[in-house]
Amino acid sequence: MRWYVARRLLWAVAATFIVLSITWALLYATEQQALTAIQFEAAVSGSDAEAAREAYEQQRGLNRPLWRQYTDYMTSMATFNWGYSLSRGQPVTAAIAEALPYTMMYSVPWTILTILCGLSIGLYSATHQYSRFDYAATFIAFFGYAIPNFWFGIVLLVLFGVQLDWVPIVFDPNVPVFSLANGRQLILPVFVLTTGSIASLTRYTRAEALEYVEATFTKTARAKGVSERRILLLHVLRPAAVPLSTILVADLLGLFIASSYLVEVVFGIPGLGQLSFKAIQNQDTPLVLATTLIGVFIAIVGNLLQDIAYTVLDPRIEYGDR
């Protein structure tokens, strides 16, 4: 297992290297297109197009050899020197450091609630199949599948923020993190995200648990007098957690990366999603690349943890074949 984990770590490093290289190539192509546009504008206005090109290349460091630009870029990424944001007037790393805590404020409780509620509801539905609770859980799951997060967030904000005045309409970044005021303004984003993510996890958990609820080893354990709680945790949840670990990481990562844009824009949360959204609007290339790479890094690390969890949960895996 140690050799397997070491190989997965090496593959994560290699995947990061490939992603950074592709990003650099895209960035280089974007710079060349921008350079052509600047030369055209200078020629139209009667200025010296060649002088404009040289000034732009000098400012962006494009007058250096290609290999030098690539090595400097990779070194900057490794040392977290990600450039300067022109739209915000500060280093990219500083902008990300300011936005990251606001993303963590809703993503941490959302993830915890999704895992706890999704697994609990799915297991209870599997052990109480076709009960009223099972039908209610199925309805909630289909509701979470069908409703768009951004539309649901707007409706809840209008209802509870404008009509009932229970929650603030505008997010206030200056309130203390652990305070009632911050909890009031975060309750709707967390609820919207949990509703969307708990649906798939509930259905997956129910489907996987049903395979083991009536299994022979489960019936044998029950006949020996093993408590229902122990049967549920060790004989049902543990084998079901092997495929769920793959589904859980993939779904949560995808929802986190996609929904951070929607939720933060709708509720006005100054996190990574809104930071990237405004950077795209302002054509702030260094900031767009940095926020994009964060999502890629999260996906790579999540995939690594998923593989390790898979091997820990299933002792039958032959590590030499993987």
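Author: From the N terminus on, the order of elements in the protein chain is α-α-α-β-β-α-α-α-α-α-α-α-α. The model is predicted.

Reader: How many helices and strands does that make in the protein chain?

Author: Eleven helices and two strands. A helix needs at least four residues, a strand at least two.

Reader: What makes a residue count as buried?

Author: Its relative accessible area must be under 20%. In the protein chain, 38% of the 322 residues are buried. The accessible surface comes to about 18,300 Å², and carbon and sulfur atoms hold 66% of it.

Reader: Why is the set with Tyr-73, Trp-82, Ile-96 and Leu-275 called a nonpolar core?

Author: Such a set needs buried residues of listed types, Tyr, Trp, Ile and Leu among them, joined through side-chain atoms within 4.5 Å. Tyr-73, Trp-82, Ile-96 and Leu-275 have the most contacts inside the largest core, which has 19 residues. At least two core residues come from each of α1 (2-44), α3 (66-78), α4 (92-127), α10 (272-281) and α11 (285-313). The largest share, five residues, is from α11.

Reader: Which residues does Leu-275 touch, leaving out those up to four places away in sequence?

Author: Arg-88, Ala-95, Ile-96, Ala-99, Leu-287 and Thr-291. Contact means heavy atoms within 4.5 Å, so each of these residues meets that cut-off with Leu-275.

Reader: Which residues does the second, separate core include?

Author: Tyr-106, Ile-147, Leu-157 and Val-263 are among its 18 residues.

Notes. Residues are numbered from 1 along each chain as its sequence is written. This is a predicted model: local features need pLDDT of at least 70, side-chain atom pairs count only at pLDDT 80 or more; totals for chains, interfaces and linings use all residues. Side-chain values use heavy atoms; hydrogens and water are left out. Buried means under 20% relative accessible area, exposed over 50%, partly exposed in between (1.4 Å probe, protein chains only). Accessible areas come from the Shrake-Rupley method with a 1.4 Å probe; for residues, only the protein chains shown count as cover.
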